[in-house]
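Here is the note you asked for on this structure, written for someone opening it for the first time.

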Amino acid sequence: MTELPIDAYYDLAQITEVAVSPTGERVAYIATEYDQGADEAVQSLFVVPADGSREPHRLSRVGSASSPVWGPDGERLAFLAAREEDIDRRVGWRDRESDGDEEADGDEEADEDSAATDDEPAAEASEDEPKPQVWLFDLARGGDARQVTDREEGVQELEWSPDGDRLAIAARDPTDEERAYLEQVRGDGPIETTRLQHKSDGTGWTDDVTTYLFVVDLESGECERLDDAYGGGATQDLSGMEPCWGPDDRIAFTSCRLDRPDDTMVRDVYTIDPDGDGLERLTDGELQVRSPAWGPGGRLGFIGRDPDNWQRPAEVYVHDGESARSLTADLDRTTTFWSSVNWVDDAIYTLVGDDSRSRLIRASLDGTVDRLFEAQGDDRAIHWFDVADDGSTAGLLLSHPNDGRDVFAVDVDDLDADSEPESFRRLTAVNDELIEEYPMPEVRRVEWESDGWTIDGVVYHDPSLDLDDGPHPLVVAIHGGPMSWDEPEFGFDHAALTSRGYVILRPNYRGGTSRGREFAETLRGRWGTVEVEDIAAGVDALVDRGWADPDRVFGYGFSYGGIAQGYLVTQKPDLFAAAAPEHGIYDPRSCFGTGDFHNWYEAEFGLPWEEPERYDELSAMADVGNLETPLLVTAGGQDWRCPPTQSEMLYTAARKQGLEAKLVVYPDEHHNVGDPDRAIHRLSELLAWYERHDTAAEDASAE
């Protein structure tokens, strides 16, 4: 059995965003690659013909890239990037005040952007990391991208006008007082806040700076703020304003304007004229709205969910100018976290979770909902979907366990086909060398019974391994959420484990959201109950089949995957030979207010001072005296979703009882592990922990 080297992670490429050009001739995408020397992830922008006639072309070679958006002519491509200032903005004499040779009257009258003086060397003047700005490629002319914006706080989002002459951007705009505070914080000064939502994962400590929409004229460069188009609310830093410019010259966006915007998950959709007039609120404060998109006849489609109950399916809505209605209320399936609204004629195409798989649907205005794209099969996931403005071509990001995660194109008319149509084309093969050199896992779906429910999961194993020739060491990989699900997909972690002889079980326990509201709500407000039984029953089922060795069962998983392990090791201490709870929560009461999801906690469990007994029941720490399992506990030092103090608490309890445990904290990481060196370290630690506590390995060494 050939092992996948952990350092091969540097060779991994991961596609994250896909955008189809307006007439369907090209597909742009973002690929994340890894620079070993700099120990950093690099996001680059690529473009490829949708007919597959040429290999993908790397457009950006400097700095990061994200959020590709095609101009309406299909020849210009805008994106966000944190790059050094455009040379057009750096060259020339910028403090000229007269036609003669006279010097400026004084430094106080010089332009703030002028070149550094002798007292302030240029190197010191440019110490700050560049902020994300809008850059634009003109593919008809060729050449490098030109810089469009120069916002001091950077740009967060962008959208083209229908005429292609302007952009709508979302950007923070601090007042003088707020700017002074930002400088104070950047200079290691005290953090001051009066906001209820005082933290946000990935952002850090929040402040009072408002995000506005601006309209940028591409020819003159003028940038005008729309004073009534501003963001707000507890989820602003996570969701953004999502500007969408319609053919009737109205801009839609999301915001929260309730009396206590930080005390709710509500987001409403608004529209406004590009001159800043005519603000209109379309929804009534009852939904958490995202992904607005204009359709024919001035209709606006969007995705809405219950802000107080995330187990309830998120639905596709349409506002017809008078009121909004759901197109998928009777489907009982939630839209995926990465789904968007894609109009084709009088129907919306989007992705839903459907019986432990991502699934493309078409929701028509007449109320019919059709499941599409049978060519997907049962063994791969859809991670992104986009449609050309003319409705001709769809771009998909498909993930297959042993064939990679790549961009495909297909004619929209062929999405109804029962089998793979001729128009279905693979456009990228970003990990082919890795896949050809090292074994990628085979996969199968399995089912078992738990408490009267049929539970399903995904099993990965090395292609050279015969599952029936067992038993084998088993790794239980638990998905986060819990509002999520597992389906067959490509993953470096999977291949690293299976190539070392491990069988992987990814259980779709109750609380997941691909099987409807009842299945998901079984876990609502009852953490540490039904999911524990479902996961343990899944292990028993694989042991009964002879696939898994009950003495060689291990665990890992992020977020709710870590949370579930906290319950498993305290309620079923004999289940795992060793466990690795990662970035989890083990005492929700002490997490309340120290993480960024206080509104979710209140909606699901109530307030801890009003429901103390309920919070006590939720705490894995209440049963920590049952611990017997060796624990590898990991955390992100800047994780404000599941704060690192939670991991410290579990680790200390284990060590206090004399149990073998190890705590690993990645200081600058948020609710993930992003830097390649740290991702490699994490996998190395995980494998070493399992090997250290593998009884079969101990017996073999003793012989």
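This is a predicted model: local features need pLDDT of at least 70, side-chain atom pairs count only at pLDDT 80 or more; totals for chains, interfaces and linings use all residues.

1. Two residues are said to be in contact when heavy atoms of theirs lie within 4.5 Å. Leaving aside residues up to four places away in sequence, Pro482 touches Tyr509, Gly511, Gly512, Leu523, Tyr560 and Trp600. Pro482 itself sits in the loop between strand β33 (472-477) and helix α6 (492-498). Thr334 is 148 residues away from Pro482 in sequence, while the two C-alpha atoms are 13 Å apart in space.

2. The buried residues are His598, Asn599, Trp600, Tyr601, Glu604 and Phe605, and they pack against α10 and α12 (612-618). After α11 comes Gly606, which has a positive phi, near 90°.

3. For the chain as a whole, the secondary structure amounts to 15 helices and 38 strands. A compact globule of 703 residues would have a radius of gyration near 27 Å, and the 26 Å of the protein chain agrees with this. Taken along the principal axes, the C-alpha atoms fill a box of roughly 90 × 60 × 55 Å. Of the 703 residues, 57% are buried, and the accessible surface comes to about 30,000 Å², with 41% of that surface belonging to carbon and sulfur atoms. Among contacts between residues at least 6 apart in sequence, 59% join residues at least 24 apart.

4. The structure holds 26 aromatic pairs. In one of them, the rings of Trp205 and Trp640 have centres 6.4 Å apart and planes at 55°, so the pair is described as tilted. Because Trp205 lies in strand β12 (residues 204-205) and Trp640 in the loop between β37 and α13, the pair ties together parts that are 435 residues apart in sequence. Trp205 counts as partly exposed, at 41% relative accessibility, whereas Trp640 is buried, with a relative accessible area of 11%.

5. What geometry does the pair of Trp453 and Phe519 have? This pair is edge-to-face, with 5.5 Å from centre to centre and 70° between the planes. Trp453 belongs to strand β32 (residues 453-461) and Phe519 to helix α7 (residues 517-521), so parts that are 66 residues apart in sequence are tied together by the pair. Trp453 is partly exposed at 22% relative accessibility, while Phe519 is buried at 3%.

6. Helix α13 (residues 644-656) has 13 residues and reaches 18 Å from its first C-alpha to its last, close to the 18 Å expected at 1.5 Å a residue. Its buried residues are Pro644, Gln646, Ser647, Leu650, Ala653 and Ala654. In an α-helix there are 3.6 residues a turn, so residues three or four places apart point the same way. The buried residues of α13 pack against β36 (578-582), α10 (588-591), β37 (631-636) and β38 (661-666). Just after the helix, Gly658 takes a positive phi of about 80°.

7. Strands β5 (residues 66-70) and β6 (residues 76-81) pair in the antiparallel sense over three bridges, with Leu77 as the bridge partner of Trp70. The two strands form a hairpin with five residues between them, and Gly74 in the turn has a positive phi of about 75°.

Note on methods
Residues are numbered from 1 along each chain as its sequence is written. Side-chain values use heavy atoms; hydrogens and water are left out. Helices (H or I, at least four residues) and strands (E, at least two) are DSSP runs, numbered from the N terminus. The expected span of a helix is 1.5 Å times one less than its number of residues. Buried means under 20% relative accessible area, exposed over 50%, partly exposed in between (1.4 Å probe, protein chains only). The radius of gyration is taken over C-alpha atoms; the globule rule is 2.2 Å times the number of residues to the power 0.38. Accessible areas come from the Shrake-Rupley method with a 1.4 Å probe; for residues, only the protein chains shown count as cover. Rings of Phe, Tyr and Trp (its six-membered ring) pair if their centres lie within 6.5 Å; planes under 30 degrees apart count as stacked, over 60 as edge-to-face and the rest as tilted. Two strands pair if DSSP finds at least two bridges between them.
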